[in-house]
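Visitor: I'm new to this one. Could you walk me through it, one question at a time?

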Amino acid sequence: MIRVIVKRLLVGVFVMWGAASLIFVIVRVAPGDPASLLLGPDAEPEQVRELTARLGLDQPLVVQYVHYLGDVVRLRFGDSYLFNRPAMAEVFERLPATAELMLASTTIAVVLGLGLGLLAGGRPGGALDRVVSACTIALQSFPTFWIGIMFILIFALSLRLLPSAGAGTPEHLILPAVTLALPFTATVARLTRSSVAETMREPYIQTARSKGLTERQVLLGHSLRNSLIPVVTIVGLHMGGLMGGAVVVENVFAWPGVGTLVVDAVANRDYTVVQAATFLVAGIVMAFNLVADLAYSQLDPRIRVDGDAA
Amino acid sequence: MRWLGRIPYVVLAVYVAVAIVGPLVIDYNPVLTILDDRLLAPGSRVSSGGTAWLGTDGLGRDVLAQLVYGARTSVLIGVSTVLVSSVVGTAIGTVAGYFRGWLDTVLSRGIDILLAFPAILLAIVIAGSFQRSVLVVVIALSATAWISFARVTRSTALSVRERAWVDAARVLGVPRRSILVRHILPFTIGPVVALATLEFALVVLAEAGLSFLGIGLPNSAVSWGQTIANGKQYLATAWWISALPGFALSLLIINIGILGDQLTARYGRGQTGRLR
């Protein structure tokens, strides 16, 4: 068990190195000179040269890369070009908002998705199953940002029930969280449904039924726990992904999270912030992946035996 | 009831037809703003005499024309990205699955690194850092799209390479390249086509998201995402600008999804779901 964790951590370190390097390459290959962007179009060539030297941007790429790696290890990404504060501090400041949105939407999605999936999987092929299937197809097809805008139209502008943008109160959280939750609800519902349908075919379910238990007791008491195992994994993976992947929804609702920070930073060529944010997000995704994998191997005794499930 | 299953094909054909023929039939200039015709409701007359069947936007531009040209953008970028990523992914995946060894390990680690980033984030960083163009968007979206193809073809190659006829070919001294092309590759086509349909849907959605954020495509290009973004500030007064392109987009994706499911059921190789 410990060996598995250590091995995963080592792979994780390698992946983080790869991720940091990839970010470095993209940012350096991209056009645009940070120094002249910082100083503006009226800058003197002399000033640009001086700032370039000060930022260390005139050194050979390899040297810059080595310095970059050394800084990355210490989580030092330099100062944001726009805000003149450490880039990582900017990112950390935005984390709680994104985490809040992620937790809220995941909770909604899991509760709804599990419910729908259980209803559908309990009786595969039935009317409820077909309705749920149709709903999930629809939910996964609508662009989330468009759903968000339609929600704003309906709930914020027409009915005036909820705020249309920003953060701060629980009311502000509702629309973005629900919008973000919908596609994942469909995913959870589909997975739960097929997982339940599969477990319900197991011999021990037949035993439970022949003992005289009601269908609901069989479903909830015996098959639920085992059906949940794959769901746990994708929930973990999804949570990690949401920490940096909810960009568009954050933008629609002007939610002050990491996603909007990255979009602004990219638009403004604030490379230090882009690097810091993407690196941190990658780290968070890796952490969630690791936890999800470990949880999976803990929950399913069948795979615990061979240790490494990959 | 057989014809019900044919509906997605028909709908998709309509979209493709609109994408190809539409821009030839309807004229549209995204840069031309006719301020007299701003924010007209669907069905209104415009100053030049015609009718804006789906209304106009904040700069007086016809929404129906934007839908038609947007269809072309979506189909173009969708097809291009899927082509590029399926070719790259299949090539890499088949080679890695057949030869295994260090090639396979390098590939798996490479995929791990790419997967550490949420796909949309990576696409934003790539598309936002370079000069705006269709090519940049295709590259940005392909950067993560190829992975699914690589995985599917890799697992296909892994299983097919154990078959008797591949062994026989090896023993007979058939060059490796020929084995790959004639014995392994044909088995990948089914799953790849099924996956391509689903990836097309994802790419169209992703492109709409990028355009909504104002990243990637130049302002002179028309995209549903852009139209939706433009309409956001007028939601209270001119809801049709944001609503209609979204309907068009959703309808397209739903039908592709149904089609993709059908294809996967028939040709897919037990893919248990894409985690994006």
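Visitor: Let's start inside chain B: is the crossing in which α7(B) passes α9(B) left-handed or right-handed?

Guide: Keep in mind that this is a predicted model. The axes of α7(B) and α9(B) come within 8 Å. As for the sense in which α7(B) passes α9(B), the crossing is left-handed.

Visitor: And how are α7(B) and α9(B) oriented to each other: roughly parallel, roughly antiparallel, roughly perpendicular or oblique?

Guide: Their axes cross at roughly 160°. Angles over 145 degrees fall into one class, so α7(B) and α9(B) count as roughly antiparallel.

Visitor: Which residue classes make up the contact of α7(B) with α9(B)?

Guide: From α7(B) come residues including Gly190(B), Val193(B), Phe200(B) and Leu205(B), and α9(B) brings others, among them Leu252(B), Ile256(B), Leu263(B) and Tyr267(B). Sorted by class, the residues of this contact are 16 nonpolar, five polar and no charged.

Visitor: Now the two chains together. Which helix of chain B gives the largest share of the side that touches chain A?

Guide: The interface has 36 residues of chain B in contact with 41 residues of chain A. On the chain B side, α3, α4, α7, α8 and α9 each supply at least two residues. That side holds 24 nonpolar, nine polar and three charged residues. The largest share, nine residues, comes from α9(B).

Visitor: How many charged residues are in the contact of α6(A) with α9(B)?

Guide: On one side, Ile137(A), Ala138(A), Gln140(A) and Ser141(A) take part, and they meet Ser250(B), Ile253(B), Ile254(B), Gly257(B) and Ile258(B). By class there are five nonpolar and four polar residues, and the number of charged ones is none.

Visitor: What about chain A as a whole: how many helices does it have?

Guide: The C-alpha trace of chain A spans about 85 × 55 × 30 Å along its principal axes. Of its 310 residues, 40% are buried. Chain A has zero strands, and its helices number 14.

Visitor: Is Arg160(A) buried or exposed?

Guide: Arg160(A) sits in the loop between α7 and α8 of chain A, with a positive phi near 55°. Most residues other than glycine have a negative phi. Because 9 other C-beta atoms lie within 10 Å, Arg160(A) is exposed.

Visitor: And Arg269(A), buried or exposed?

Guide: Arg269(A) also has a positive phi, about 55°, and lies in the loop between α12 and α13 of chain A. The cut-off for buried is 20 or more other C-beta atoms within 10 Å. Arg269(A) has 21 C-beta neighbours inside that distance, so Arg269(A) is buried.

Visitor: Last one: over which residues of chain B does pLDDT stay under 50?

Guide: The model scores ipTM 0.85 and pTM 0.87. In chain B the mean pLDDT is 86, with 96% of the residues at 70 or more. The stretch where pLDDT stays under 50 has nine contacts beyond four places in sequence, and that stretch is residues 270-276 of chain B.

Key. Residues are numbered from 1 along each chain as its sequence is written. Chains are lettered from A and ligands numbered from 1 in the order in which they are written. This is a predicted model: local features need pLDDT of at least 70, side-chain atom pairs count only at pLDDT 80 or more; totals for chains, interfaces and linings use all residues. Helices (H or I, at least four residues) and strands (E, at least two) are DSSP runs, numbered from the N terminus. A residue is buried if 20 or more other C-beta atoms lie within 10 Å of its own, exposed if 12 or fewer, and partly exposed in between; C-beta atoms are placed from the backbone. Two residues are in contact if their C-beta atoms, placed from the backbone, lie within 7 Å. Ala, Val, Leu, Ile, Met, Phe, Trp, Tyr, Cys and Pro count as nonpolar, Asp, Glu, Lys and Arg as charged, and the others, Gly among them, as polar. pLDDT is the predictor's confidence in each residue, from 0 to 100. Axes are lines fitted to C-alpha atoms, for helices over the stretch in contact, and angles run from 0 to 180 degrees between N-to-C directions. Angles under 35 degrees count as roughly parallel, over 145 as roughly antiparallel, 65 to 115 as roughly perpendicular and the rest as oblique. A crossing is left-handed if the near helix is turned anticlockwise from the far one by less than a right angle, and right-handed if clockwise.
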